[in-house]
Amino acid sequence: MGKNLLFVGAGGFGGTLLRYGLDEIIPAPLNGFPAAILFINLAGCLFLGWFLTYCLSSTHISTQVRLLIGTGFTGAFTTFSTFTVDTVRLIGNGQNAVAVIYVVISVVGGLLMSCIGVWLGRKMSSKQEGAAV
């Protein structure tokens, strides 16, 4: 258990730093739309869908690597809490239409990106199985 916590923590440290860096360099539009967090969350959905699907079919990826990258890194990289606070902030600023657009793009886009990630993971897994035969 303790060793696994170290892997999750190390991954979380890296994911947090990358999220912070991207949030700093992706410019916010003048209307306050949280473009950086949207990009980060959509990228995280794509990546996690791919990574976990690929890992489930791969016997050479250890549990510790899955915890490091899947739980730690991606869990810290993406941020549901910031998404919700940004939505509340937009509503509080009277930007209801922008808030609705943000929520719809985040939820529908996140589901779509996760589906694409799962599809890519399955495709890569099937190619790997075909190459091993």
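Here is a short tour of this structure, from its overall build down to a few individual residues. The model is predicted. Its chain holds five helices and zero strands, and 30% of its 133 residues count as buried. A search of the whole structure turns up one salt bridge and zero disulfides.

**Overall build**

- Reading from the N terminus, the elements follow the order α-α-α-α-α.
- The C-alpha trace spans about 60 × 35 × 25 Å along its principal axes.
- If you take the contacts between residues at least 6 apart in sequence, 72% of them join residues at least 24 apart.

**Helices 1 to 3**

- Helix 1 covers residues 2-25, and its 24 residues should span 34 Å at 1.5 Å a residue; the C-alpha atoms at its ends are 35 Å apart, so the two values agree.
- The buried residues of helix 1 are Gly11, Gly12, Gly15 and Leu22, and they pack against helix 2 (35-57) and helix 3.
- Helix 2 has 23 residues and reaches 34 Å from its first C-alpha to its last, close to the 33 Å expected at 1.5 Å a residue.
- Buried positions in helix 2 include Ala36, Ile37, Leu38, Ile40, Asn41 and Leu42. Further along, Gly44, Gly49, Phe51, Thr53, Tyr54 and Cys55 of helix 2 are buried too.
- For helix 3, 15 residues at 1.5 Å each should span 21 Å; its end C-alpha atoms lie 19 Å apart, which agrees.
- Helix 3 buries Leu67, Gly70, Gly72, Thr74, Ala76 and Phe77, and what covers these buried residues includes helix 1 and helix 2.

- Look for threonine 79 in the loop between helix 3 (63-77) and helix 4 (80-92).
- Its relative accessible area is 6%, which is under the 20% cut-off, so threonine 79 counts as buried.
- The side chain of threonine 79 makes a polar contact with the side chain of threonine 82, at 2.8 Å.
- Not counting residues up to four places away in sequence, threonine 79 touches Arg19, Ile37 and Asn41.

**Isoleucine 37**

- Isoleucine 37, one of those partners of threonine 79, lies in helix 2.
- With 5% relative accessibility, isoleucine 37 falls under the 20% limit and therefore counts as buried.
- Leaving aside neighbours within four places in sequence, isoleucine 37 is in contact with Asp23, Thr79, Thr82, Phe83, Asp86 and Tyr102.
- Isoleucine 37 and arginine 19 are 18 residues apart in sequence, while their C-alpha atoms are 8.3 Å apart in space.

**The salt bridge**

- Which residues form it? Arginine 89 pairs with aspartate 86, and their closest N and O atoms are 3.8 Å apart.
- That distance counts because the cut-off for a salt bridge is 4 Å.
- Both arginine 89 and aspartate 86 sit in helix 4, three residues apart, which is about one turn of the helix.
- Is aspartate 86 buried or exposed? Aspartate 86 is buried, because its relative accessible area of 11% is under 20%.
- Arginine 89 has a relative accessible area of 34%, between the 20% and 50% limits, so arginine 89 is partly exposed.
- Aspartate 86 also links back to the previous topic, being one of the contacts of isoleucine 37.

**The cysteines**

- The structure holds zero disulfides. Cysteine 45 is in none, and the nearest cysteine sulfur, that of cysteine 115, is 10 Å away.
- Cysteine 115 is likewise in no disulfide, with the sulfur of cysteine 45 as its nearest cysteine sulfur, 10 Å away.
- Cysteine 45 is partly exposed, because its relative accessible area of 24% lies between 20% and 50%.
- Cysteine 115 has 53% relative accessibility, over the 50% limit, and so counts as exposed.

Conventions:
Residues are numbered from 1 along each chain as its sequence is written. This is a predicted model: local features need pLDDT of at least 70, side-chain atom pairs count only at pLDDT 80 or more; totals for chains, interfaces and linings use all residues. Side-chain values use heavy atoms; hydrogens and water are left out. Helices (H or I, at least four residues) and strands (E, at least two) are DSSP runs, numbered from the N terminus. Buried means under 20% relative accessible area, exposed over 50%, partly exposed in between (1.4 Å probe, protein chains only). A polar contact is a pair of N or O atoms within 3.5 Å; within protein, one must be able to donate a hydrogen and the other to accept it, and residues adjacent in sequence count only if both atoms are side-chain atoms. Contact means heavy atoms within 4.5 Å. The expected span of a helix is 1.5 Å times one less than its number of residues. A salt bridge is a side-chain nitrogen of Lys or Arg within 4 Å of a carboxyl oxygen of Asp or Glu. A disulfide is a pair of cysteine sulfur atoms within 2.5 Å.
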